[in-house]
Amino acid sequence: MKKQKLVVVGNGMAGIRAVEELLKLAPDLYDITVFGAEPHPNYNRILLSPVLAGEMTIKDIILNPLGWYADNGVRLHVGKTVTKIDRTARKVIADDGTEEEYDRLLLATGSMPFILPIPGRDLPGVISYRDIKDTDEMIATAATHKHAVVIGGGLLGLEAANGLKLRGMDVTVVHLMPWLMERQLDKSAADMLKTSLEARGLKFLLEKQTEALIRGESGRVCALRFKDGLEIPADLVVMAAGIRPNTALAESAKIYCNRGIVVNDTMQTYDPRIYAVGECVAHRGIAYGLVAPLFEQAKVCANHLANFGIARYSGSVLSTKLKVTGIDLFSAGNFMGGEGTDEIVLNDPSGGVYKKLVVKNDTLVGAVLYGDTADGAWYFQLVKDAQNIHEIRDHLMFGQNHVGDVGHAGKTHAAAMPDDAQVCGCNGVCKGDIVKAIKSQGLFTLEDVRKHTKASSSCGSCTGLVEQILASTVGGAYTPSESKNKPMCGCTDHSHGVVRQTIREQHLLTIPELMRYMEWKTPSGCASCRPALNYYLISTWPGEAKDDPQSRFINERAHANIQTDGTYSVVPRMWGGLTTPAELRTIAEVAEKYEVPTVKMTGGARIDLLGIKKEDLPKVWADLGAAGMVSGHAYGKSIRTVKTCVGAEHCRFGTQRSMAMGVKLERMLFGMWSPHKVKLAVSGCPRNCAEAGIKDIGVIGVDSGYELYVAGNGGIKTEVAQFLCKVKSDEEVMEYSGAFLQLYREEGFYLERTCHYVARVGLDHVKAAVVDDPVKRKELHERLLFALQDYEDPWQAAVEKPAVRREYQIIKLEEATAGVAS
Amino acid sequence: MSGWIRVCALDEIAPQGSRVVASSQGDIAIFRTADDSVFGLHDKCPHKGGPLSQGIVHGDTVTCPLHGFKIGLKDGEAVAPDKGCTRRFEVKAEDGTVWLQLN
């Protein structure tokens, strides 16, 4: 079939992003031609400020070098402005006479700087701040002239002023409004910003209306006069008083425009063959000037150009970050408040910190942060997700503290970190590496940064820090990933929640069936989605869905823990941490017989045999099994251990028999797979020697019964378990614990620990099912017992079944027989 | 170049699974994909030497069990943006038997 022709007018960030998204979806659908008025390939316009400030060069900010166009078969006309669209003949005509026919046309003409209609606006030395040409002119002028005036105290104006100041000019910012960045900041934050910019040598004239620009003897602008008669010297005037959607071309072709090219939720204009994205567009009456919404639009548009027809753009919540090095400023959503809203404010002028959160009907609707923006990404996420904040309202102001405890020397503020400070302790990535990758590779999302630098891709404790670095490097272009509807992985657009729900509603039982039904994009998923799907299937349909060993991580396939040298570790189960001389003797004999190099106690108080060769595993298990020992599951997303203290059996302080309780719990939960690992502890008295306060379930004996705590965590980010309820008997401990774990098993997302699960759904939700509703609690507990009823010791299976045993055998090659075959 | 050496029956490798072959040229991981194609790679990840045979096979790629490097089964190349390459071996499946050629 002959390819259709797609013509893109506009070689900027929105247009090219749409082309990139389209190539991902339907690489062969179109012959693509791109027109760009500027003589450059697509570059990262939002990084012009660092270029002006001398922190980067033009070369650093090119997003798609010319080779990219060639590699992807995209024809590029640079330096040609399209001046006419002939909608009848379906072609566009450029200023140099170039014509291109189209089947579909994408307008991405961007915006024009607003030039004040004042005398002198055409004088040499009067420019806007929009593209590489303007930036070059500013840099050149800074080397030869002294006085710069920036008209406009918004984001762009302040970044221009800062850059010119750094290049040695004497800079005055003129602003019509009573405070700076009034569209992004309230007055308190703006005043603090002004003070700190003044300390850097910038001058401000607020509530000043410019009347005229005055021509000097050289013919160049020399001064600026205000309505009140004041005159100030100006060798360079930068107009940064806002932008207007560039709709001239669309209007000339009689395409409906109203403060932008009007598009529907599929980014289609009133001409069905013509789409539009970017700053030239008016969507639901709004023209966006920041890059994050443009990328969302590009994605939606590409989906429709590719004939997929399922994406919708429904507008964006905006966030802003000023890209002036050393100044931390963040705002998002409706930060001004108003009727029906509450404001939570922290104001410490001497400390240089100001935070305002705007709350409406128990949701966060906006935030302004100055001085400490560490939690900006989190607040933005809460705004976008419209998450109910009722439970966390009292400590909302103090942030999420989502930066983990470990691996980055306790640093929590990205902006203050030097380039050589280590951010990711797992993969040894420094701040400078991350910033460099973001800039040179044109990265915009956390996922991209993880892929390219590996930062925060292992344990994830530094995720918050990486997000901050990303936000402060790309400014307003940063969009935190949506936590609610985030796709599981690159193989699908569906979120964990949607997949779980679909498996239940459609009674899906196998991975291939699910991938067909949910239109997976890859033939057999990836190492990230397959284990999740396998877990969702077997946990939703126990007894019906069949476990797929090939979709399990090696540890769960081999029932042992892979080590850095490819050997395995084996941890026999010791119920409640109790053992016998006979068991210890068996372990000792196994360790000697198989020359186990390391024997150590685990954190869960079990014995770990480290450094066993894979082919020896079945033999080790056979020996341990003969002594009655079974798999300890120290390798799985499963029940790990129930740690116990000595308890009333021996301890003089003990109030409850914690060892017996722990053994009963561990036996009940044997063979339980879960979204992530699950650890329990039972202490016999409030002294809590079993450290139940940092376990997924912590049971603490008191004289009148037991206190139950849930969702603790002692790992990456230490989380103290939350009090669930108090119960009287051992039976109740079993039922409540079982019900809580079953709820987590049914609702938790894969690799979500109980602390994250409970943070997501809320403790009230858990209490409603497990504590307040006895019927539901019993049903949950019974479903857990049903799922676990026939669980066999996996070691026994590996020893007895030849097909399973094969997994552990190495094939010895008979190289002497070489040459025999066909 | 030497000829083809018999490895095992195709059925002795699980679909989307692998087996390890000990050879004079080191351990070789033999992979079987969902569509019954077979591939052979040196059983060492170019990143930190992880045993690729123990990874999850998806499409014609395997993910190393140690740190998640993705290695193409056809060419042994790491999937971008990761960099690195592991040695590949000629492998074929004929009439239910898997054959290997040493380099």
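Visitor: Is strand 32 of chain A covered or open, and how many of its residues are buried?

Guide: A residue is called buried if 20 or more other C-beta atoms lie within 10 Å of its own, exposed if 12 or fewer, and partly exposed in between, with C-beta atoms placed from the backbone. By this criterion strand 32 (residues 639-644) of chain A is mostly covered, as six of its six residues are buried. This is a predicted model, in which local features need pLDDT of at least 70 and side-chain atom pairs count only at pLDDT 80 or more, while totals for chains, interfaces and linings use all residues. Residues are numbered from 1 along each chain as its sequence is written, and chains are lettered from A and ligands numbered from 1 in the order in which they are written.

Visitor: Which strand is joined to strand 32 of chain A, and in which sense do they run?

Guide: Strands (E, at least two residues) and helices (H or I, at least four) are DSSP runs, numbered from the N terminus. Two strands pair if DSSP finds at least two bridges between them. Here four bridges join strand 32 of chain A to strand 33 (residues 678-683) of chain A, and the two run parallel. Thr644(A) has Val682(A) as its bridge partner in strand 33 of chain A. Between these strands the chain passes through helix 19 (residues 658-668) of chain A, and this β-α-β crossover is left-handed. The term right-handed would apply if, with the strands pointing away from the viewer, the path from the first strand over the helix to the second ran clockwise.

Visitor: Why is strand 25 of chain A described as largely enclosed?

Guide: Strand 25 (residues 363-370) of chain A is largely enclosed by the rest of the structure because seven of its eight residues are buried. Strand 22 (residues 329-333) of chain A is joined to strand 25 of chain A by five bridges, and they run antiparallel. In that pairing, Gly333(A) stands opposite Gly366(A). Strand 24 (residues 353-360) of chain A also pairs with strand 25 of chain A in the antiparallel sense, over seven bridges, and Lys356(A) stands opposite Val368(A). Strands 24 and 25 of chain A form a hairpin with two residues between them, and Asn361(A) in the turn has a positive phi of about 45°.

Visitor: How many residues does each chain give to the contact between chain A and chain B?

Guide: Two residues are in contact if their C-beta atoms, placed from the backbone, lie within 7 Å. The contact takes 27 residues from chain A and 32 residues from chain B. On the side of chain A, the elements that give two or more residues are helix 11 (446-453) and strand 37 (811-812). Strand 37 of chain A pairs with strand 2 (residues 17-23) of chain B in the parallel sense over two bridges, and Ile811(A) stands opposite Val21(B).

Visitor: What pattern does chain B follow along its sequence?

Guide: Chain B reads β-β-β-β-β-β-β-β-β, with zero helices and nine strands. Its C-alpha atoms fill a box of roughly 35 × 30 × 20 Å along the principal axes, and buried residues make up 48% of its 103 residues.

Visitor: How many helices and strands are there in chain A?

Guide: Chain A has 25 helices and 37 strands. The C-alpha atoms of chain A fill a box of roughly 105 × 75 × 50 Å, taken along the principal axes. Buried residues make up 48% of the 822 residues in chain A.
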